[in-house]
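Reader: I work with computed models, and I would like to learn how to read one residue by residue. Could we take the features in turn?

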Amino acid sequence: MKRILMIGAGWEQTPLIQKATSLGHWVLATNPSLTGEALAYADEARAVDPRDIMALDRLVQEHRIEAIITDNCDYSLYASGLLCEKHGFPGPSFTAVSHSNNKRKSRITCAAAGIRQPAFQVCETFADAQKGVDAVGGYPVILKPVDNRGNFGVNIATTPEELSSAYFEAVANAHSRQTVLEKFIEGTLITVEGFAMRHPAQHVSYAVSSKKMLGGKKGVALELNYPANLPEVIQQKAMDINDQVVKALGYDFGFTHTEYIVDAHGEIWLVESTNRGGGVFLSELILPTLTGIDVLERLVNMACGEPVPPLPTRAETPLQGFVTLSFMRLPSGGTIKAIEGVEAMRALPGVLQGRMMVEVGEQINPIINDAKRHGFVLATAPTREALEALIEQAKQTVQVTFV
């Protein structure tokens with residue numbers, strides 16, 4: 001049994017904590033507040049922000065921690081990598097988590113490795129952004145914070161007026177006050193999910209999703225479909241490229257989650273990559289459902305320094321059925337009076353998970369980033385047609401009334 005520190009314990013991390021405790025380990029879980037749902041499954045819990053690395057370090061020493069694990073959260077990943085290096089624990093390297101948390105660094109590294117990606121400019125001022133538009137080939141462009149999670153502060157700009165508002169929203173959400181301006185590439189947004197090991201040195205890209213987007217200036221996904229609604233040759237090409245990206249960025253411990261755009265010519269462009277699982281159970285539920293591999297057990301055992309067998313290759317791991325993560329979109333403006341049917345939705349055969357991300361008494365606002373989506377259903381079925389019907393049934397099962 002090891003004494004494990006779990007950094008970040010919201011509802012998305014519940015399966016990981018459950019896996020660690022089921023394997024007999026003692027878990028101290030942290031979250032910015034003690035309302036994190038996953039905390040209930042840990043042996044002890046503390047309210048600590050994942051960016052407060054000094055406070056987390058004190059917990060390591062006070063509780064004689066022997067291993068650190070995390071998933072889904074960029075801030076938690078950064079803290080994990082730094083503390084693992086300081087204390088000599090197995091974990092993601094500080095180089096890897098730096099690439100995961102810094103779009104400037106990852107862009108430069110991938111450019112040096114010859115990875116196809118949009119033309120980009122790092123901007124410290126609005127004047128830099130104005131000059132950057134011409135440098136990347138003109139509008140449309142996309143502005144991003146160098147160092148924030150999800151798609152906070154990310155906007156598309158097609159005119160000088162939109163550039164101004166997009167830049168200031170990006171810099172306001174950038175901890176370093178630096179932004180990245182990139183040429184906007186039109187196409188299908190996809191993700192590639194993989195897993196990396198240090199001993200033996202190995203990374204396998206297992207699954208590709210295609211996204212359905214909200215549209216407009218915000219890059220918010222409303223649905224992810226596994227496998228992608230793309231030709232098999234494109235999916236295999238994306239996974240081959242993903243292995244190259246992961247190698248260039250030095251990811252060699254745990255989940256990898258990378259986004260790409262497939263343009264009209266079938267060319268694949270890197271959007272961004274991280275050495276963690278995607279949020280909303282992409283790593284905890286979707287990847288093991290599709291592959292049959294207990295990736296959470298592998299992650300816990302790796303963090304505890306225990307030997308793990310080599311990963312099954314892609315050829316040895318045909319995907320098992322279809323999986324869709326579909327988000328709900330409620331009408332804006334109303335105040336929620338009641339939410340019913342969530343447990344009934346979760347009980348439907350084939351539904352892996354589902355929840356509402358809004359509460360009774362809350363006014364519904366437009367979706368402006370991933371964190372502001374209204375709810376989701378995650379389900380699997382043997383055919384795509386059956387899965388589409390199940391997703392629709394699941395959404396109809398949840399009833400939201402307004403005042």
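**Reading the core and its surroundings**

Author: Gladly; let's start with one residue. Leaving aside neighbours within four places in sequence, I69 is in contact (heavy atoms within 4.5 Å) with I4, L5, M6, I7, L16, A20, V300 and A303. Before going on, note that this is a predicted model in which local features need pLDDT of at least 70, side-chain atom pairs count only at pLDDT 80 or more, and totals for chains, interfaces and linings use all residues. Residues are numbered from 1 along each chain as its sequence is written, and side-chain values use heavy atoms, with hydrogens and water left out.

Reader: Which residues have the most contacts inside the largest nonpolar core?

Author: The general idea is that nonpolar side chains tend to be buried together in soluble globular proteins. A nonpolar core here is a set of buried Ala, Val, Leu, Ile, Met, Phe, Trp, Tyr and Cys residues joined through side-chain atoms within 4.5 Å. Buried means under 20% relative accessible area, exposed over 50%, and partly exposed in between, with a 1.4 Å probe and protein chains only. The largest core has 30 residues, and I4, I17, I69 and F195 have the most contacts inside it. At least two residues each come from β1 (3-7), α1 (14-22), β2 (26-31), β4 (67-69), β9 (188-197), β10 (202-213) and α10 (295-303). Helices (H or I, at least four residues) and strands (E, at least two) are DSSP runs, numbered from the N terminus. The largest share, six residues, is supplied by α10. A second, separate core has 20 residues, among them C110, L230, M239 and I241.

Reader: Why is β1 described as largely enclosed?

Author: Five of the five residues of β1 are buried, so the rest of the structure largely encloses this strand. R3, L5 and I7 point one way from β1, while I4 and M6 point the other way. Strands count as paired if DSSP finds at least two bridges between them; β1 and β2 pair in the parallel sense over five bridges. Within that pairing, I4 stands opposite V27 in β2.

Reader: What is the nearest side chain of opposite charge to R3?

Author: For charge, Lys and Arg count as positive and Asp and Glu as negative, while His and the chain ends are not counted. A salt bridge needs a side-chain nitrogen of Lys or Arg within 4 Å of a carboxyl oxygen of Asp or Glu. R3 is buried yet has no salt bridge, and the nearest side chain of opposite charge, E66, is 5.4 Å away. The side chain of R3 does reach the backbone oxygen of H63, at 2.7 Å.

Reader: Which buried residues does α4 contain?

Author: They are A96, V97, S98, H99, S100 and N101. What covers them includes α3 (74-87), α5 (103-112), α8 (232-249) and β13 (268-274).

Technical notes:
Polar contact = N/O pair within 3.5 Å; in protein donor to acceptor, adjacent residues only side chain to side chain.
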